[in-house]
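Hi,

Here is the structure I said I would pass on. Have a look through it first, and then read my notes below.

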Amino acid sequence: MNIPASIRRVKDKIGGSSQDFPLTVRIFHSVLAICVAALAYNVPLNWVVGLPAIALASGITGAAVAVLYYLSRFRGHTAVSRIVFCIIGNLLFVANYFLNSGIDGPTGYFFLLMLVVMVAIVPVSEYWYWVGCNVLLFLGLHIIQYFDPSTVPFTYPAIADRYVDVSSAYLTVTVMVLACFYIIRSRYETERREAQQNAARLKVLDAEKNKLFSIISHDLRSPLAHIQNYLELLVEYDLTEEEKREIKVQLLRSTKCTLDMVDNVLQWSKSQLGGSKPLVESLNVAVLLEPVVQLFSNIANRKQIVLEDILVADATIWGNADMVLLIVRNLLNNAIKFTSPGGKVRVSAGQTNSSCLIIVKDSGNGTPTNLNDDIFDFSTVSTAGTANETGVGLGLALCREYTAFLGGRIWFNCDAQSGTTFFVELPATAVAVPEIML
């Protein structure tokens, strides 16, 4: 059931939000609002057909129901308001029976309406109590009139007035019954959709949790075990200086890989948990990326890879510094990871009218690279680098997530001979970013 946004907002305003009230209470509020409207309509109608006492009773009851709505909707006294409403409603129709021609008037319709309303608003455990009261009152009134007809006078000034009143009562009751069922059905559909969305969200979160546990239990444990093995070699064996130097190189490499993994896991966890709006500002690309390029130049040198940088001095990005740095770090890390010794990696950044384009290009391992967009998905399977570097399958997923969050886009091209080029386009001028990361 598709409900226009404007109607949905009015319903939420009248019944209350799902965060503040359970479904039965929201239905109760909506029913009270409809009853107030129906009673307000009933006042002039009964006055016109010559029943001023009924018009007065309807007005007083309408005011009482409005007070009950206020007490439940804005003061939280729902249980008391519900009981008082059921009592007032039944007593009103008892009075209406005596004042409005008894079995010859429309009161039977109203008792049926009250029955439907009570079933819609009272807890299931109270059904039989209120239903029983309604039925016994209605049957009791019929018995009284049957044995003593003088207690229930015929009050219509003319027969035409009776037909108008009964016909109008039937239409009123029909509209209110349909409105009650519409409210129940629409509220149910809303709850069902929300439940389905929550279930889908929980399913995604459960899958992400399982992936995270897989990372922690396997991918992070493996490099830590290597570090432990290297340290045991240093402690337990007499090694030559050359062997010690080689182990230290391996230790440094394993430590760096582990640190990269932990950093990506922490960043991913932070993005999943959400948080306050991150700081976005105008950033000078060269100033921002120069320390990162210098750091990765040292890493590339140890792998005998040349890292070149072409950063336009006045190029700017409108974004968050930590996010941009994480994107570039992951792209440079992957470029070096999948480039063979003797290869080349180049990072460049330039600016167009409204955007800044960052390019990270590597020469690869000498064979054609065949990649698809699945590389941007979170995966527990990570391809080892040319020096057996490991990862956790989070880096490119974070790159895509952060790029999209900053209002940019990321894509890549695979060279026909060897190597891959990644492109990150980010806005150079102010853009709006979400309040909370999802």
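**Rings, cores and a hairpin**

Arginine 73 lies over the face of phenylalanine 74, at 4.9 Å from the ring centre. Before going on, bear in mind that this is a predicted model.

The rings counted as pairs come to 15 in total. In one of these pairs, the ring centres of tyrosine 70 and phenylalanine 74 are 5.9 Å apart with planes at 35°, so the pair is tilted. Both residues belong to helix H3 (residues 52-75), where they are four residues apart, about one turn of the helix. How open are they? Tyrosine 70 is partly exposed, at 37% relative accessible area, and phenylalanine 74 is exposed, at 51%. Since the cut-off for exposed is over 50%, phenylalanine 74 gets that label with its 51%.

Now for a pair that is buried: phenylalanine 376 and phenylalanine 412. Their ring centres are 6.0 Å apart and the planes are at 50°, so this pair is tilted. Phenylalanine 376 is in the loop between S5 and H12 while phenylalanine 412 is in strand S6, so the pair ties together parts that are 36 residues apart in sequence. Elsewhere on the aromatic list, Phe93, Phe110, Phe111 and Phe138 make up one cluster.

Then comes threonine 420, which lies in S7. Is threonine 420 buried or exposed? It is buried, with a relative accessible area of 6%. Its contacts beyond four places in sequence include Val360, Asp362, Leu371, Phe412 and Cys414.

Last, the cores. The largest nonpolar core has 44 residues, and those touching the most other members are Leu289, Leu307, Val324, Leu331, Leu332, Val345 and Ile358. Among the elements giving two or more residues to this core are helix H10 (285-302), strand S4 (344-351), S6 and S7. The largest share, ten residues, comes from H11.

Cheers

Key: Residues numbered from 1 in each chain as written. Predicted model: local features only at pLDDT ≥ 70, side-chain atom pairs only at ≥ 80, totals over all residues. Heavy atoms only, no water. Core = buried A, V, L, I, M, F, W, Y, C linked by side-chain atoms within 4.5 Å. Buried < 20%, exposed > 50% of the residue type's maximum accessible area, 1.4 Å probe, protein only. Contact = heavy atoms within 4.5 Å. Phe/Tyr/Trp six-rings, centres within 6.5 Å; stacked < 30°, edge-to-face > 60°. Lys NZ or Arg CZ within 6 Å of the ring centre and 35° of its normal.
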